[in-house]
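Open the structure in your viewer and get ready to select a few things in turn. Each stop below tells you what to click on and what you will find there.

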Amino acid sequence: MADLLTLSTDVIDGRIELAQAGPLNRITHEFSELNARVGMVEAFSHSIVFRTDAGLVAFDTSNEHGGERCVNAIRQWDKAPFHSIIFTHGHIDHVGGCGAFIDDNHATQVVAHENVARRFERYRLTNGYNHVINERQFGQFRRRGYDLAGQAQFLPTSTPEPDITYSHRHSLKVGDTHFELHHAKGETDDHTWAWIPSERAICAGDFFIWAFPMRVIPKKPNATQGSGPLHCERWPPWTPSSSYPHTVSPLPVKSEFNRCSMTWPTHSSHWFSKHWR
Ligand SMILES: [Zn+2]
């Protein structure tokens with residue numbers, strides 16, 4: 001079990017070089033506990049899991065290739081049933097593994113922004129096209145034996161439609177834990193980021209990727225939406241203690257986030273310096 005928060009801090013503080021740390025977007029399918037109630041499976045993309053007294057809540061499920069491995073890794077930590085799955089957005093590396101989670105508990109409910117269902121419909125209508133354009137961006141993974149797309153269909157047939165959708169904000173209470181879901185246009189038009197007050201944590205989805213914002217993906221229709229990751233400006237006027245992006249290591253405290261923000265455009269940094277002292 002890796003100490004991911006320490007790893008992130010050491011990289012950002014320069015205590016270890018990137019070459020020494022290795023890839024920060026690792027696909028190990030290993031579970032690491034972030035605190036007693038929160039854990040994460042490093043996958044493509046990560047699955048972030050919260051313990052509640054009504055069962056587990058998972059943000060994202062990796063892709064078809066990784067879903068079962070994520071479930072198996074989580075089961076080393078907790079045997080409680082999955083109460084809810086929240087899709088941060090509809091990209092296949094976040095939703096494609098959901099079939100394995102549903103197989104584990106058929107009563108699991110899936111929550112997502114309303115545009116996720118529209119994305120799924122578009123994926124089914126343009127199945128072959130999506131295989132072709134995805135090959136341009138992620139063919140390197142397929143050639144190494146790790147195809148992000150589903151085996152039969154680009155969107156795996158086992159991926160369920162969301163049971164609960166919302167437009168702007170949604171308050172989800174699972175047992176003793178509140179999850180405040182917010183919609184914003186970023187990398188996609190169907191994105192959710194979440195504030196979990198009891199953990200003082202943000203689940204960031206792909207709003208934060210430890211790299212320059214992905215502004216353009218050739219031939220992909222929703223790659224550039226609104227002001228992209230700058231919607232982090234709207235992140236809460238509360239003080240998060242942790243942020244859990246879904247394609248890189250988690251960030252432990254506000255200072256790390258603040259420093260990372262300095263590589264973003266000026267007004268984003270201005271917001272952070274104004275609100276996160
Ligand atoms: Zn994405």
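In what order do the 7 strands of the open sheet lie? This is a predicted model, and in it the order is E1-E2-E3-E4-E5-E6-E7, with mixed pairing.

**Stop 1: the edges of the sheet**

Select residues 31-35, strand E1, and then residues 164-166, strand E7. These two strands stand at the edges, and each has a single partner strand, so one side of each is left without a neighbour in the sheet. While the sheet is in view, look at how its strands are set against each other: neighbouring ones are turned by 20 degrees on average, if direction is ignored.

**Stop 2**

Next, colour residues 64-75, helix H3. This helix packs on the sheet, where it touches E1, E2 and strand E3 (47-52). The direction of H3 makes about 145 degrees with that of E2.

**Stop 3: a cis peptide bond**

Go to the loop between E2 and E3, where you will find Ser45. Show the backbone here: the peptide bond from Phe44 to Ser45 is cis, with omega near 5 degrees.

**Stop 4: two residues with positive phi**

Select His29, in the loop between helix H2 (18-21) and E1. His29 is not a glycine, yet its phi is positive, at about 55 degrees. It is partly exposed, because 18 other C-beta atoms lie within 10 Å, and a residue needs 20 or more to be called buried.

Then jump to Arg200, in the loop between strand E10 (191-196) and strand E11 (201-205). Arg200 is not a glycine either, and has a positive phi of about 50 degrees. With 15 C-beta neighbours inside 10 Å, Arg200 counts as partly exposed.

**Stop 5: Leu172 and its contacts**

Finish at Leu172, in strand E8 (residues 169-174). Which residues does Leu172 touch, not counting those up to four places away in sequence? Show Ser84, Val111, Phe179 and Leu181 to see them. Try the distance tool on Val111: its C-alpha atom is separated from that of Leu172 by 9.1 Å, although the two are 61 residues apart along the chain. Leu172 has 19 C-beta neighbours inside 10 Å and therefore counts as partly exposed.

How values were computed:
Residues are numbered from 1 along each chain as its sequence is written. This is a predicted model: local features need pLDDT of at least 70, side-chain atom pairs count only at pLDDT 80 or more; totals for chains, interfaces and linings use all residues. Two strands pair if DSSP finds at least two bridges between them. Helices (H or I, at least four residues) and strands (E, at least two) are DSSP runs, numbered from the N terminus. Axes are lines fitted to C-alpha atoms, for helices over the stretch in contact, and angles run from 0 to 180 degrees between N-to-C directions. Two residues are in contact if their C-beta atoms, placed from the backbone, lie within 7 Å. A residue is buried if 20 or more other C-beta atoms lie within 10 Å of its own, exposed if 12 or fewer, and partly exposed in between; C-beta atoms are placed from the backbone.
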